[in-house]
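Here is a short tour of the model you have open.

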Amino acid sequence: MHETDMTKALIVTIRNWYYSQPEQPKIEKIHLVVGQFTCVEPVSLQFAFEVQTRNTFLEGVELVIRDIPLIAFCHRCQQEYKPEIGLQYSCPDCNSPMEDIKSGRELKIDRIEYSSRTAPTHN
Ligand SMILES: [Zn+2]
């Protein structure tokens, strides 16, 4: 399961960040950027996240996913084009095979929305 492993890696990254904060903030939303060419299904990712964060500090946190389209660049035509995933990856004008991907392969955390806890601190 692609999404399960992705989610595990994602949670580890967030956990490391979370515990490196001087005070653990209350995480509200996690914004992700997911390229179409990663073949990650946003719905599956949401589901995997929900299951894996149950009873953890991330329970109930909303995952906001932004889709990034697959865009390739044809060197022969010197132009960008949008391949049709699963159908046609070559350049629509000259038929050169897709060799240079401009975007669509990213899978990363865009930003984390959180609010500071108001609990008193002991210095
Ligand atoms: Zn071309």
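## Ground rules

Contact here means heavy atoms within 4.5 Å. Helices (H or I, at least four residues) and strands (E, at least two) are DSSP runs, numbered from the N terminus.

This is a predicted model, in which local features need pLDDT of at least 70 and side-chain atom pairs count only at pLDDT 80 or more, while totals for chains, interfaces and linings use all residues. Residues are numbered from 1 along each chain as its sequence is written, and side-chain values use heavy atoms, with hydrogens and water left out.

Let's start with H1, which runs over residues 2-20 and has 19 residues. From its first C-alpha to its last, H1 reaches 28 Å, close to the 27 Å expected at 1.5 Å a residue (the expected span is 1.5 Å times one less than the number of residues). Its buried residues are Glu3, Thr7, Leu10, Ile11, Ile14 and Tyr18; buried means under 20% relative accessible area, exposed over 50%, and partly exposed in between, with a 1.4 Å probe and protein chains only. They lie on the same side of H1 because they cover an arc of only 105 degrees around the axis, the arc being that of the directions from the helix axis to the C-beta atoms. An α-helix has 3.6 residues a turn, so residues three or four places apart point the same way.

What do the buried residues of H1 pack against? Their partners are strand S1 (26-35), helix H2 (42-52), strand S2 (62-68) and strand S6 (107-115). On the other side of H1, Asn16, Tyr19 and Ser20 are exposed. Threonine 13, also in H1, is partly exposed at 43% relative accessible area. Its C-alpha is separated by 13 Å from that of leucine 107, 94 residues apart along the chain.

In H2, Leu45, Ala48 and Phe49 are buried. These residues fall within an arc of 100 degrees seen down the axis, so they line one face of the helix. The elements covering them include H1, S1 and S2, whereas Val43 and Phe47 are exposed on the other side of H2.

Leaving aside neighbours within four places in sequence, isoleucine 14 is in contact with Ile27, Ile30, Phe57, Leu58, Ile109 and Ile112.

Cysteine 77 lies in the loop between strand S3 (71-74) and strand S4 (79-81), and cysteine 91 in the loop between S4 and strand S5 (100-103), so the pair ties together parts that are 14 residues apart in sequence.

Cysteine 77 counts as partly exposed at 29% relative accessibility, whereas cysteine 91 counts as buried at 0%.
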